[in-house]
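Subject: Structure handover

Hello,

Here is the structure for your review. My notes follow below it.

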Amino acid sequence: MLDSLANAFALEGIAIYWGIGLVFFAAEYWWPSRPIPYLQVLLPDVAALTTYQVFFVFAAQLTDRIPFPRYSYWRWQTLPFGFKLIVFLFVLDGMAYWMHRLWHTSSGWWIHRWHHAPTELYWLAGVRASFPQVVLANIPYLLAFPLLKPVPAVFFPLYSYMLVLTNNWMHMNVTWQSRKLEWLFVTPRYHRVHHLREIGRDGANFGVLFTVWDRLFGTYVDPEQVDLKGPYGIQETVHPVRMAVGI
C-alpha cells in the first residue's frame, strides 16, 4: 500500500493529481463559495504539497516497519470483497475520527495546527500536514487493513487516489449544499465548520468520510447554524517551519 502511494508521487501520479486538480479548479470557478486570491495562495500551497511528498517518503520508511495485526480469519476472508470494503471504510474512518480528535487536544495540537493555518479554503488548502501527522495518519490504515484480506491488486492505486479526492473534496470552495448527503457523508461546507478560526483547537465536525461519528460523540455542529464566511486559520502566530516539523 505505502509503495503504491509513493508511486502516486511519480511523474504519472503527479500528472493525475493535477489533472484531478483542474477539475476541482473548474468546479470552484463555476460555483465559488467565496472569492479566492489564487495568485497569492497557490505558490505556498504547492510548496506545502512538495513538503508533504518529502514527509511521506520518510514516514513510509517508519510505518513500513510496523507489522500488520493478524485478526482476519479465513471465514471472514471468504466474504465478498465489497462487503469487507464497506466495513473497512467505516472502521478506518472511526479510528481516523478519534485520531483527529487527539490532534485537537492540548497535547496533540502542535501536530495538527499547520493543517489549520490556511486563511483561505479551497481544494489544495488541505494538503498541509506536519511530519508527525503524516506518520500517525497511516496508523488507522495499518490497523484496519486486515479486514480487507485477500486484497485485489487494483485496490491499492484506486485507494491512493480516493484519498486525494477525499482531501480535495473536503476543502473545496463551492456553494453546493446537501443536507441529506450530510446525514452520512462529509461535504465541503460540513468540513468548513472545522476550519473556522472561532472553532479553533476545540474542534468540531472531525469526520473524514462519514458524519456519523460526530453525531454519535457530540462533536457535530450544523453548518447552517454558523457563519461559514470565516475567518479561517489559527489564533496563534507560529513560524511555518515549526508548524511543518510539528514542534
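Is Arg128 buried or exposed? Arg128 is buried, because its relative accessible area is 12%, and the cut-off for buried is under 20%. Bear in mind that this is a predicted model.

Arg128 and its surroundings

Arg128 sits in a loop. That loop runs between helix 6 (109-112) and helix 7 (131-137). Leaving aside residues up to four places away in sequence, Arg128 touches Pro44, Asp45, Ala48, Trp114, His115, Pro118 and Gln133. With Asp45 there is a polar contact, side chain to side chain, at 2.4 Å.

Aromatic pairs

The count of aromatic pairs is 29. One of them is Trp76 with Phe83, a tilted pair. Their centres are 5.8 Å apart, with 55° between the planes. Trp76 is partly exposed, at a relative accessible area of 24%. Phe83 is partly exposed too, at 44% relative accessibility.

Phe88 and Tyr159 make another pair. Their ring centres are 6.0 Å apart. Their planes are at 65°, so this pair is edge-to-face; the cut-off for that class is over 60 degrees. The pair links distant parts of the chain, with Phe88 in helix 5 (residues 81-103) and Tyr159 in helix 9 (residues 155-170), 71 residues apart. Phe88 and Tyr159 are both buried.

There is also an aromatic cluster. Its members are Tyr17, Trp18, Phe24, Phe25, Tyr38, Tyr122 and Trp123.

Helix 5 against helix 9

Two packed helices are described by the angle between their axes and the distance between the axes. For helix 5 and helix 9, the axes come within 15 Å and cross at roughly 35°. The crossing is right-handed. Helix 5 contributes Phe81, Leu85, Phe88, Leu89 and Leu92 to the contact. Helix 9 contributes Phe155, Tyr159 and Met162. The edge-to-face pair of Phe88 and Tyr159 therefore belongs to residues that make this contact.

Arg215 and two rings

Which rings does Arg215 lie over? One is Trp183, with Arg215 over its face at 4.1 Å from the ring centre. The other is Tyr220, where the charged end of Arg215 sits over the ring, 4.3 Å from its centre.

Best regards

Methods. Residues numbered from 1 in each chain as written. Predicted model: local features only at pLDDT ≥ 70, side-chain atom pairs only at ≥ 80, totals over all residues. Heavy atoms only, no water. Helix = DSSP H or I, 4+ residues; strand = E, 2+ residues; numbered from the N terminus. Buried < 20%, exposed > 50% of the residue type's maximum accessible area, 1.4 Å probe, protein only. Contact = heavy atoms within 4.5 Å. Polar contact = N/O pair within 3.5 Å; in protein donor to acceptor, adjacent residues only side chain to side chain. Phe/Tyr/Trp six-rings, centres within 6.5 Å; stacked < 30°, edge-to-face > 60°. Lys NZ or Arg CZ within 6 Å of the ring centre and 35° of its normal. Axes fitted to C-alpha atoms, helices over the stretch in contact; angles between N-to-C directions. Left-handed = near helix turned anticlockwise from the far one by under 90°.
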